[in-house]
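Here is a short tour to read with the model open beside you. Let's begin in a loop and work towards the ligand.

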Amino acid sequence: MNVLVLNAGSSSLKFQVIATDPERIRQDTDERLCRGAMERIGGEAIVTVETRNGHRQKLTAPIKDISAGLDYLLRWLVSEQSGFDEIRNLGDIQAVGHRVVHGGEVFQESVLIDEKVLAGIEECIDLAPLHNPVNLRGIKAVRDLIGRDTPQVAVFDTAFHTTIPEQAYLYAVPYHLYRRHKIRRYGFHGTSHRYVAYRYRRLKDIEREQTNVVTMHLGNGCSCTAIRGGKSVDTSMGMTPLEGLVMGTRSGDLDPAILSLIAVKEGMSLDGVETMLLTQSGLLGISGLTNDMRVLQEELKEHDDRRVRLAIEIFSYRARKYIGAMLAATGGSDAIIFTGGIGENSPDIRARICRGLEWAGVELDAERNAQTRGTPAEIGVAGAKLPVWVIPTDEELLIARDTVRCVMGLPHPA
Ligand code: ADP
């Protein structure tokens with residue numbers, strides 16, 4: 001089955017086509033036919049695509065919205081230009097899987113999209129006003145462009161975390177706020193945490209129930225999850241993706257009283273303060289330079305800038321502190337797993353985070369840590385009490401697999 005996997009953002013669209021079916025899932029031999037991204041939708045968009053044989057194309061086109069973006073993508077997929085034989089017409093795309101950000105308490109696993117599901121995703125708009133409307137537009141645009149007969153599946157960022165117990169998901173605010181407005185921790189990056197936990201247990205040849213790990217997704221957004229018996233039992237992101245770790249432009253945790261103080265002192269609205277915490281804070285806010293960790297690391301090496309160093313230190317310290325919290329939440333863990341752009345690619349940040357976790361049994365092997373790239377690897381010294389792993393994430397693969405399972409009516413464990 002050729003599955004088109006879509007991840008629609010406010011001005012971007014990431015996509016992949018993955019050929020998979022129950023047999024390929026069992027044998028772990030799914031095949032990625034192409035991957036790509038469309039940036040700057042709303043103006044002259046830049047489209048980058050890479051096909052299976054490593055052939056890369058970069059195109060530009062005026063694309064006014066997500067619907068026009070999908071139209072462009074589908075035309076490209078069936079054209080000679082795309083350069084692969086599997087898709088000659090739209091009928092060769094047998095299903096479409098969408099990353100949907102917020103599934104609230106309604107969606108505990110991936111689902112085949114029908115009118116009821118669309119209404120459910122719409123109900124969650126209050127919880128994710130920036131993201132869910134874009135996801136809905138993507139789903140509706142595909143339906144208009146390919147037709148209602150092609151099944152579509154929604155895979156929620158929150159679903160993996162619906163196993164978190166009450167004591168971890170409730171905030172200590174008046175309880176009626178939960179009842180009235182569903183104010184609670186939901187957690188995000190669920191598909192990524194779920195994927196790396198799945199990959200870890202395949203590598204270790206253990207059952208899901210035996211999987212006790214702490215997973216660190218460190219990218220532009222960052223979150224940390226405690227997984228016990230294969231299930232998420234706590235996570236650092238909260239009601240929205242603003243809570244928890246220091247991120248590229250997001251502050252993560254802070255004293256909530258600071259919001260009104262900033263509003264008064266800086267003459268800002270509360271909305272304005274929230275936007276600042278989302279877009280002007282984190283690595284960018286502290287360094288005053290950039291949200292891009294790679295650039296910060298180069299800058300530190302070349303100029304040893306004080307605020308750049310501070311940004312990296314605060315980022316790493318917060319991550320370490322959260323590992324401690326998640327080890328307590330799981331009651332001890334069998335491994336720590338790093339993933340995401342920073343987690344997969346920065347030996348320095350991994351080392352900074354792990355320094356000071358010796359008490360927990362963490363001891364990195366400097367060479368293994370430095371050499372790991374692109375494939376799953378253990379980076380601790382042989383025999384360390386608490387092993388540390390790097391496992392590249394692959395959310396799209398899980399979305400494609402969930403899509404197949406939903407379409408075929410099969411149960412969908414990771
Ligand atoms: P997103 O959360 O948007 O998917 P990614 O997971 O791609 O983002 O992570 C982006 C982050 O990863 C950026 O801060 C980028 O600088 C960082 N990154 C990528 N490669 C490296 C590297 N080699 N060293 C340090 N940071 C890196």
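## Two loop residues

Arg-40 sits in the loop that links strand E3 (31–39) to strand E4 (44–51); helices (H or I, at least four residues) and strands (E, at least two) are DSSP runs, numbered from the N terminus. Its phi is near 60°, a positive value in a residue other than glycine. Most residues other than glycine have a negative phi. Arg-40 counts as exposed because its relative accessibility is 56%; exposed means over 50% relative accessible area, buried under 20%, and partly exposed in between (1.4 Å probe, protein chains only).

His-189 also has a positive phi, about 55°, and is not a glycine. You will find His-189 in the loop between helix H6 (175–181) and helix H7 (190–204). With 10% relative accessibility, His-189 counts as buried.

## How to read the model

This is a predicted model, in which local features need pLDDT of at least 70 and side-chain atom pairs count only at pLDDT 80 or more, while totals for chains, interfaces and linings use all residues. Residues are numbered from 1 along each chain as its sequence is written, and side-chain values use heavy atoms, with hydrogens and water left out.

## Around the ligand

Which residues come nearest to the ligand? Of the 13 around it, they are Asn-220, Asp-292, Met-293, Arg-294 and Gly-341; a residue is near if one of its heavy atoms lies within 4 Å. By class, this shell holds two nonpolar, nine polar and two charged residues. Nonpolar covers Ala, Val, Leu, Ile, Met, Phe, Trp, Tyr, Cys and Pro; charged covers Asp, Glu, Lys and Arg; the others, Gly among them, are polar. Helix H11 (293–303) and helix H13 (340–345) each supply at least two shell residues, and H13 gives the most, with four.

A backbone N or O atom of Asn-220 is 2.9 Å from a ligand oxygen atom, and a polar backbone atom of Met-293 is 3.0 Å from a ligand oxygen atom. For Ile-342, the distance from a backbone N or O atom to an oxygen atom of the ligand is 3.3 Å.

## Met-293 and its core

Met-293 also belongs to the largest nonpolar core, which has 39 residues. Such a core is a set of buried Ala, Val, Leu, Ile, Met, Phe, Trp, Tyr and Cys residues joined through side-chain atoms within 4.5 Å. Helix H12 (306–330) is among the contributing elements, and H12 gives the largest share, nine residues.

Leaving aside neighbours within four places in sequence, Met-293 is in contact (heavy atoms within 4.5 Å) with Leu-283, Ile-312, Phe-315, Ile-342 and Ile-349.

Conventions:
Polar contact = N/O pair within 3.5 Å; in protein donor to acceptor, adjacent residues only side chain to side chain.
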